[in-house]
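I opened this notebook to keep a record of what I looked up, entry by entry, in the structure shown here.

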Amino acid sequence: MNNSSAPLVLGIESSCDETGVGIVLGRKLLANEIASSVAEHARFGGVVPEVAARAHVDAILPAIERALATAKVKLTDLDAIAVTAGPGLAGALLVGASAANGLAAGLGIPLYGVNHLAAHVAVEYLDTEQVIPPTIALLVSGGHTSILKVDEITNDINVMGATMDDAAGEAFDKIARLLGLPFPGGPELDRLATTGNSTAINFPRAMTLFTDEGDRANKEFSFSFSGLKSAVARHIELAVKNSGPLSQSARADIAASFQEAVVDVLLSKAVLAAKREGLEHLLIAGGVAANSRLRALATERSKAAGLKLAIPSPGLCTDNGAMVAALGSLAIAAGRRPSSAGLAVDPGAAVEQVLFN
Ligand code: KG4
Ligand code: ZN
């Protein structure tokens, strides 16, 4: 490798419906190409695994070529390849891993299989020289919602709590659907909510009040969004029954009130986790971190609690290849061992497994 403190790394992401290829030089972002198959899933109201896998096959080589052109580098300039090895959809992951395995073997350079969730966190450390501090990370995506204590991003992540049912993004998508918004509903609901009143309806905040100390110890940093989802569904049903189809302003109020309940719970618990662990840093990552209300309230609450807040730019919060390249580059800088040839994927990988053998 030319330079282990500033390696040229190409990262491939294919765990769900985004084919992402990123290129970094050390921690500098050079290219971030994304091809999404989201439009192909829209009519099914959710991601169809086989459709996603086939779309990755079509998109991956052109995306690699575009990324190389944008970064103005050649394949033979690369020092290493990084790829999402899990968690994610099995067939989708396999497309990326096969491309990465082939490229690394063909070029004779190391391959780093990385965790998709840890990569969401790692993307924050692009384009900065800062020493990476131990941090609480609130990870909010379409498939996962958890509070992590990140002592060292490449090998020391502990889960303090996670959702017991739906992920935050999943809840956004389901409520968006109830409100008649197109898939994926998270960004659409975010937009609708900007015109609504977030205090119009007081939706439940699950697991924020405890009467039993044992319960508190077990669930203080856990989440549950299924009760909230039912409460919103019931509210809509009753409103329609009483006054007919929802007006635009009624839909906006529901969206804003639902969103407020979600971000309130997410941030209350994340701030509490930072206090409990005596950490000064709070990082928010994953697709839902693109949410405008989450970003605004996180800024307020972090300031009030004396925490230093880090959130990637909205475009880097949702799935992309830059985050994979970023984690690969950090793994190299930390002297971690590359994966072995023929890296296997693990669709159910836990977040603690940051790097794969
Ligand atoms: O991290 P991500 O791109 O994919 C997974 O790893 O799951 O997250 C996708 C999720 C989807 O549920 C999407 O609706 C949600 O993130 N999302 C948002 C916003 N942008 C994306 N949710 C709320 N507000 C947004 N602005
Ligand atoms: Zn993701």
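Predicted model: local features only at pLDDT ≥ 70, side-chain atom pairs only at ≥ 80, totals over all residues.

**Entry 1, the metal site.** I found that the zinc ion (ligand 2) is coordinated by His116 through NE2, His120 through NE2 and Asp319 through OD, at 2.0 to 2.1 Å. Along the chain these donors follow the spacing H-x3-H-x198-D. His116 lies in helix 4 (residues 116-122), while Asp319 sits in the loop between helix 11 (314-317) and helix 12 (322-333), so the pair ties together parts that are 203 residues apart in sequence. I then checked accessibility: His116 counts as buried because its relative accessibility is 7%, and Asp319 counts as buried at 13%.

I traced an open sheet of 6 strands in the order 3-2-1-4-5-11, with mixed pairing. Strand 3 (28-36) and strand 11 (355-356) stand at the edges with a single partner strand each, so one side of each is left without a neighbour in the sheet. Helix 3 (residues 90-107) packs on this sheet and touches strand 1, strand 4 (80-86) and strand 5 (111-115), and its direction makes about 155° with that of strand 4. Looking at one pairing in detail, I saw that strand 1 (residues 8-13) and strand 2 (residues 18-25) run in the antiparallel sense over 6 bridges, and that Ile12 has Val21 of strand 2 as its bridge partner.

I noted that the structure holds 15 salt bridges. In one of them, Lys229 meets Asp166, with the closest N and O atoms 3.0 Å apart. This pair links distant parts of the chain, since Lys229 is in helix 8 (residues 226-243) and Asp166 is in the loop between strand 8 (156-162) and helix 5, 63 residues apart. Asp166 is buried at 8% relative accessible area, whereas Lys229 counts as partly exposed at 22%. I also looked at Lys219 and Asp215, whose side chains meet in a salt bridge at 3.3 Å, N to O. These two are 4 residues apart in helix 7 (residues 213-219), so about one helical turn separates Lys219 from Asp215. Salt bridges that share partners also join Asp166, Glu170, Lys174 and Lys229 into one network.

I looked up two cis peptide bonds: one joins Gly86 and Pro87, with omega about -5°, and another runs from Phe183 to Pro184, with omega near -5°. Pro87 is placed in the loop between strand 4 and helix 3, and Pro184 in the loop between helix 5 (168-178) and helix 6 (185-193). Last, I checked Lys72, which has a positive phi of about 55° although it is not a glycine. Lys72 is found in the loop between helix 2 (49-71) and strand 4, and counts as exposed at 74% relative accessibility.

Conventions
Residues numbered from 1 in each chain as written. Chains lettered and ligands numbered in written order. Heavy atoms only, no water. Donors = N, O, S within 2.8 Å, 3.2 Å for Na, K, Ca; no water. Buried < 20%, exposed > 50% of the residue type's maximum accessible area, 1.4 Å probe, protein only. Pairing = 2+ DSSP bridges. Contact = heavy atoms within 4.5 Å. Axes fitted to C-alpha atoms, helices over the stretch in contact; angles between N-to-C directions. Salt bridge = Lys/Arg side-chain N within 4 Å of Asp/Glu carboxyl O.
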